[in-house]
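Dear colleague,

My findings follow directly after it.

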Amino acid sequence: MRAVIFSGYAALSAALVLMALRFLPTQTWVPAAQLVTFFPIALPLTLASLILLLLARSQWPAVTAAAAAVIMIATISLRVVDQTAGAGGDEAGTEGSGETLRVAAFNAYFGRADAASLTRTAQAFELDLLCVSEATPAFVAALEKAGLSTALPSVVSAAEEGASGTVLFSRMPIREIGEVPGAQFRMPRGAVETGSGDVTVTCAHPVPPTFRATASWSPGVPGWARELRALRDVTASTDGPQIVMGDFNATWDHRLLRRIATRSGMVSATNVTGRGLTPTWPVIDGPLPVPFAAIDHVLTDLPVLASDLIEIPGSDHRMVTATLRLSPSQP
């Protein structure tokens, strides 16, 4: 019985720590920025602790575990429920309700991803917009050789060696409108000319929240927080419909990511379609043998019809796609 009690208390303690990191304003501290990534694990921990504490007849700890479980379910439930049903989620049912826009965000892993596979995927999904982070000049040249320019001829390029380059590809004409200011990684922005008016697109790629500054492009957690705030500010000051997508190096449980969305009235496409807990990193070469972090997102204030996550050979990230609806009355 002592082992049962100890296990119950240990599971509950771990869950409460993760919950505290998620709800308290501590996420810009080390190691809180990393640990909050594992917040969803708190749900099975609370349920396990509840069962163990009930078996041990520890009444008040069991009540605490039950309350924690309720909070966890309320916090993450909508991220695993498809909310598009009955709201035009079936693409076949959207005819006449405005054109659709197919978009995707992808991290090319220092340009090591298979350019031909990415091109074939973009063509198969009939993508209209594609943000590629960690896009090196050589990778962009490989995409052009593979034929991506035929499908997505308009380009806003900030390609660079290493991890800092980002490129926005578009099927429609696009006007460059600058970049997110003060960022170590390039985050280009463009105004896409659709049949329903312009849509502002921001390719997001803030630096990762490392424990300390290890390189000129990785200024630790303070730099990560600063760049997420810069994304929040630049998107909040944007007029008209917009899409912000890419490798945010943050999960939905990071307060700074949620503020980017809420400040501009945006939603996460994967959350809306019930895929919000599906990890996007690391598919390969990660600290754990399985993907565990959903850090790639499509945020938008346009209606979300569908989303998908696709593995491209050679990359450590899954590509996130979304199908959005443009209103015919959109200014």
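In this predicted model, helix 5 (115-124), strand 2 (129-133), helix 7 (148-151) and strand 4 (166-170) are among the elements that cover the buried residues of helix 6. Helix 6 spans residues 137-146, and its buried residues are Phe139, Val140 and Leu143. These three lie on the same side of helix 6 because the arc they cover around the axis is only 100°. Ala138, Glu144 and Lys145 are exposed, and they sit on the face of helix 6 turned away from the buried side. After helix 6 comes Gly147, which has a positive phi, near 105°.

The volume of the largest pocket is about 660 Å³. It is lined by 29 residues, of which Pro208, Pro209, Asn249, Trp281 and Ile295 are the closest to its centre. The element that gives the most to this lining is helix 2 (residues 32-35), with three residues. Sorted by class, the lining of the largest pocket consists of 17 nonpolar, eight polar and four charged residues.

The second largest pocket has a volume of about 210 Å³. Its lining comprises 18 residues, and those closest to the centre are Thr37, Pro40, Leu277, Phe292 and Ala294. Here the lining has nine nonpolar, seven polar and two charged residues.

Yours sincerely

Methods
Residues numbered from 1 in each chain as written. Predicted model: local features only at pLDDT ≥ 70, side-chain atom pairs only at ≥ 80, totals over all residues. Heavy atoms only, no water. Buried < 20%, exposed > 50% of the residue type's maximum accessible area, 1.4 Å probe, protein only. Helix = DSSP H or I, 4+ residues; strand = E, 2+ residues; numbered from the N terminus. Arc of directions from axis to C-beta. Contact = heavy atoms within 4.5 Å. 1 Å grid on protein atoms, 1.4 Å probe; cavity = no way out; pocket = protein on both sides within 12 Å on 5 of 7 lines; lining within 4 Å. Points joined across faces, edges and corners; volume = space filled by probe spheres on them. Nonpolar A, V, L, I, M, F, W, Y, C, P; charged D, E, K, R; others polar.
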